Amino acid sequence: MTGAHARVVVVGAGLAGLVAARDLAESGAEVNVLEARDRVGGRMRGVPVSSGVVADGGAAYLGRQHTELLRLVGDHGLNLVSTGMTGESTFLIDDDRTTTASRVPPLDAVALGDLFDRLDDLIESVRPNAPWLTPDADRLDHQTAKRWLVDGIARPDAHAFFPLFLGEMMAADPAAISVLHMAFYLRSGGGIQYLNAFEGGAQQWRIDGGAHLLADALADELGDRVHLNHPVAAIDQGDDGVVVRCDAGTNRPPAEFRADRVIVALPPLLAHRIDFRPGLSTPRATAATGRGCAIKVHLSYQAPLWREDGLSGWSVSTSGPLLSTVDDSPPDGSAGVLTGFVTGAAASAFSALSPADQEGSALAHVGRLFPALPPPDTCSVTDWLAEEYSRGCYAALFGPGDWLRLGPTLTEPHRRIHWAGTETSLEYFGLMEGAIRSGQRAAAEVIGATHAATNSSKVLV
């Protein structure tokens, strides 16, 4: 085996897998990418909402700190669209509708200030390069974020705001994640102020035409190395290599791919379903590991009609289903696109509804938020909880005990198997930037292992 002829299988054609495959192909490796879906992009997905207009059904926003993502966007000639908004925000607090120039909900400022001060102190205590080694990690990893709030903060408005905040930041129900995971996620992403900001923050831009265009461009580079509709069921490895086995598909028998090394670039809950032989010494997920609880609702109009009433389209509600909305209209104003986010516990309840009831519930909520708006031309729901090959979005949620059990081996290779995906990145965990960096890391590991094996063979000769 030489570096030029190393055979590598990448499992998963999301952003992490595509970046890893691109780096490996450029190094001269023989690469095959196996994707269970009939499309690439993973948790990046384009949703047509009107003629010529495509919205981001999944990952969407980026900022200046996302340097690898920005470089890829530039390399592929894609353009950025500012998310800057003008007009007043809309708030529906306990069914009381108000509008204001501020993006901060009209809740007790002292309560919110106390909450953010406590969060900032907690975030600063986390070891970002090894959260499981954080001082008092055992307690922080076995306590839920909800219990942390109940035990430490008494003010009712902080309790009302907290699930909205974690829903927007992490697509999380506070009862389902550990305090350590919450603190690490927020620190990994650049801190609360950066993650929460549009102008100058992590939500400053989106990719014109949709983030999925980047995945499409990477897949185009790889060409016939990408195999769609190839769900991986088992990975067998021995002294002479690896065999990756795919389930049969419609009009397709089971398939096998032989390789020297494998990169599994899947969310933990999906990686955990693969039959590894020999088995993993540490699981990729536990019973406490949850799905990112996010559903996006896109409403399209002939134009951004809310702007005519001096509204920005940004809203926050204390009850669902749409806990927040944002104006995602194209920059030329050729259509109006209002994106609603259903997150946390509200997402689980919304996902259980029939499609008709989902649409009816969303439209009724928009009617309360923006009573002057006519019915939308279209209503599209992207339910990530129901996606078989995603198991949630934005990212997996580490529950009580997960970081102590999973963290130390998060990126440790299992013999010839390497790991990628945004959940394996200790930088920008859960974000597109984290996915890219994880793919780069995994590819570099494989290239390094290949070179080491080649040099060892030369020494033996």
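The largest cavity holds about 60 Å³ of space, where a cavity is a set of points on a 1 Å grid over the protein atoms alone at which a 1.4 Å probe fits but cannot get out, and where a volume is the space filled by probe spheres set on the points, with grid points joined across faces, edges and corners. The model is a predicted one, in which local features need pLDDT of at least 70 and side-chain atom pairs count only at pLDDT 80 or more, whereas totals for chains, interfaces and linings use all residues. Residues are numbered from 1 along each chain as its sequence is written, and side-chain values use heavy atoms, with hydrogens and water left out.

Lining residues, meaning those with an atom within 4 Å of a point, are for the largest cavity Val-264, Leu-266, Pro-268, Ala-271, Arg-284, Trp-419, Ala-420, Gly-421, Glu-423 and Thr-424. Divided by class, this lining has six nonpolar, two polar and two charged residues, given that Ala, Val, Leu, Ile, Met, Phe, Trp, Tyr, Cys and Pro count as nonpolar, Asp, Glu, Lys and Arg as charged, and the others, Gly among them, as polar.

The count of cavities of 30 Å³ or more comes to two, and the second largest cavity contains about 40 Å³ of space. Its lining is made up of Gly-57, Gly-58, Ala-294, Ile-295, Lys-296, Phe-341, Trp-384, Cys-393 and Tyr-394, of which six are nonpolar, two polar and one charged. Strand E16, residues 294-301, gives the most to this lining, with three residues; strands (E, at least two residues) and helices (H or I, at least four) are DSSP runs, numbered from the N terminus.

A pocket is an open set of grid points with protein on both sides within 12 Å along at least five of seven lines, and the second largest pocket has a volume of about 280 Å³. It is lined by 17 residues, and those closest to its centre are Arg-103, Pro-105, Phe-161, Glu-168 and Asn-196. Two or more lining residues come from each of helix H3 (109-124), helix H6 (156-170), strand E17 (311-317) and strand E19 (336-343), with H6 supplying the largest share, five residues. The lining of this pocket comprises eleven nonpolar, four polar and two charged residues.

For the fold as a whole, the secondary structure comes to 14 helices and 21 strands. The radius of gyration, taken over C-alpha atoms, is 22 Å, close to the 23 Å that the globule rule gives for 461 residues, so the protein is as compact as a globular protein of that length; the rule itself is 2.2 Å times the number of residues to the power 0.38. Along the principal axes, the C-alpha atoms fill a box of roughly 75 × 55 × 40 Å. Of the contacts (heavy atoms within 4.5 Å) between residues at least 6 apart in sequence, 73% join residues at least 24 apart. Buried residues, those under 20% relative accessible area with a 1.4 Å probe and protein chains only, make up 57% of the 461 residues.

Eleven of the twelve residues of H1 are buried, so the helix is largely enclosed by the rest of the structure; among them are Leu-15, Leu-18, Arg-22 and Asp-23. After H1 comes Gly-28, whose phi is positive, near 100°.

Gln-358 lies in helix H12, residues 355-369, and counts as buried at 7% relative accessibility; not counting residues up to four places away in sequence, Gln-358 touches Phe-350, Ser-351, Leu-353, Val-381 and Asp-383. Pro-330 sits in the loop between strand E18 (324-327) and E19, and its 15% relative accessibility means that Pro-330 counts as buried. Ala-217, in helix H9 (residues 212-222), counts as buried at 16% relative accessibility, and Ala-217 and Gly-77, 140 residues apart in sequence, are 9.6 Å apart in space, C-alpha to C-alpha.

Note on methods
Buried means under 20% relative accessible area, exposed over 50%, partly exposed in between (1.4 Å probe, protein chains only).
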